[in-house]
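Please consult the sequence and the coordinates shown below.

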Amino acid sequence: MISKIYIELRLHYLKFGTIVQFRTQELADFWAVSVKQTQRRLRHFSDDGLLTYEPGRGRGHLSQIHFLNDFRVELTDTMRHAITINDTDVMFYLFQLGVPTSWLAQFRRQLTNLLGLQVQDDYKRILRQVSTRKITSLDPVNVAIHHEYELAMQLGDTLIKYDNGLQPGLAHHWTSNQSATIWTFYLRKGVQFHNGKEMTSLDVKKTFERVKQRVGDRYWQLINLVKIVPRATDVVEFYFSASEPLFARFVVDAK
């Protein structure tokens with residue numbers, strides 16, 4: 001499989017065809033390395049059968065590269081190898097290159113099939129997502145970047161959802177007293193975490209206690225929270241010192 005350094009070289013001289021005359025210093029500047037390192041790279045590519053390299057003789061004489069292979073074929077072969085070994089980093093890199101889209105169009109469906117949720121067996125599920133920046137946290141209480149939040153929402157769920165109004169989520173029903181100081185949530189039964197453990201009201205209590213302890217940046221929404229009481233494995237109550245008419249909206253998707 002060809003290297004990214006070689007791909008950079010081909011792209012740099014793409015419009016010149018297969019035979020290129022150049023000044024070694026200019027190529028060294030492009031790669032941001034020394035002239036000697038540039039020459040070593042070209043000799044290495046020559047040894048690999050990718051090109052022939054003739055250094056310029058004397059000051060002012062141009063060097064010459066003769067690329068031995070069709071660049072389109074090199075890229076498609078590299079893409080096939082990346083798909084075979086499921087190397088998504090290489091796949092995404094190749095799709096972002098400044099080459100005609102028709103060169104790699106045949107592989108786009110295969111890449112699409114690699115993304116999304118895939119079930120390997122009864123115990124293993126794989127979710128692949130494209131990410132162009134470092135992921136710092138997938139803790140739903142602690143995520144602050146929108147992309148991380150979107151990823152976390154694909155790994156879990158909220159008590160209530162919002163879709164043209166409040167909709168059931170992990171809680172199939174909820175109520176509040178007239179003063180909105182006591183909120184009661186009735187949880188769905190049989191909901192499991194990724195390790196197979198069934199969710200209970202104690203898990204809900206622990207999650208909100210983490211927020212209350214200023215884990216993440218939403219603790220201000222619980223400033224009036226006095227206590228959380230699990231009434232049953234599937235029933236949990238929140239007690240507030242002041243009216244909280246918007247509390248149900250606080251526990252939904254951020255959209």
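Q: At roughly what angle do the axes of helix H1 and helix H2 cross?
A: The model is a predicted one. Helix H1 covers residues 4-12 and helix H2 covers residues 24-31. Their axes come within 11 Å, and the crossing angle is roughly 125°.

Q: Are H1 and H2 oblique or roughly parallel to each other?
A: Angles under 35 degrees count as roughly parallel, over 145 as roughly antiparallel, and 65 to 115 as roughly perpendicular, with the rest oblique. The axes of H1 and H2 cross at roughly 125°. The two helices, H1 and H2, are therefore oblique.

Q: Which residues of H2 make the contact with H1?
A: On the side of H1, the contact is made by Ile 5, Glu 8, Leu 9 and His 12. The residues of this contact divide into five nonpolar, one polar and one charged. On the side of H2, the residues are Leu 27, Phe 30 and Trp 31.

Q: What is the bridge partner of Leu 225 in S11?
A: S10 pairs with strand S11, residues 235-240, in the antiparallel sense over six bridges. Within this pairing, Leu 225 has as its bridge partner in S11 the residue Phe 240.

Q: Which residue in S3 stands opposite Phe 22?
A: Three strands form an open antiparallel sheet in the order S1-S3-S2. Its edge strands are S1 (19-22) and S2 (51-54), each pairing on one side only. S1 pairs with strand S3 (residues 63-67) in the antiparallel sense over four bridges. The residue of S3 opposite Phe 22 is Ser 63.

Q: Which helix packs on the sheet of S1, S2 and S3?
A: The helix in question touches S1, S2 and S3. Its direction makes about 140° with that of S2. This helix, spanning residues 35-47, is H3.

How values were computed:
Residues numbered from 1 in each chain as written. Predicted model: local features only at pLDDT ≥ 70, side-chain atom pairs only at ≥ 80, totals over all residues. Heavy atoms only, no water. Pairing = 2+ DSSP bridges. Contact = heavy atoms within 4.5 Å. Axes fitted to C-alpha atoms, helices over the stretch in contact; angles between N-to-C directions. Nonpolar A, V, L, I, M, F, W, Y, C, P; charged D, E, K, R; others polar.
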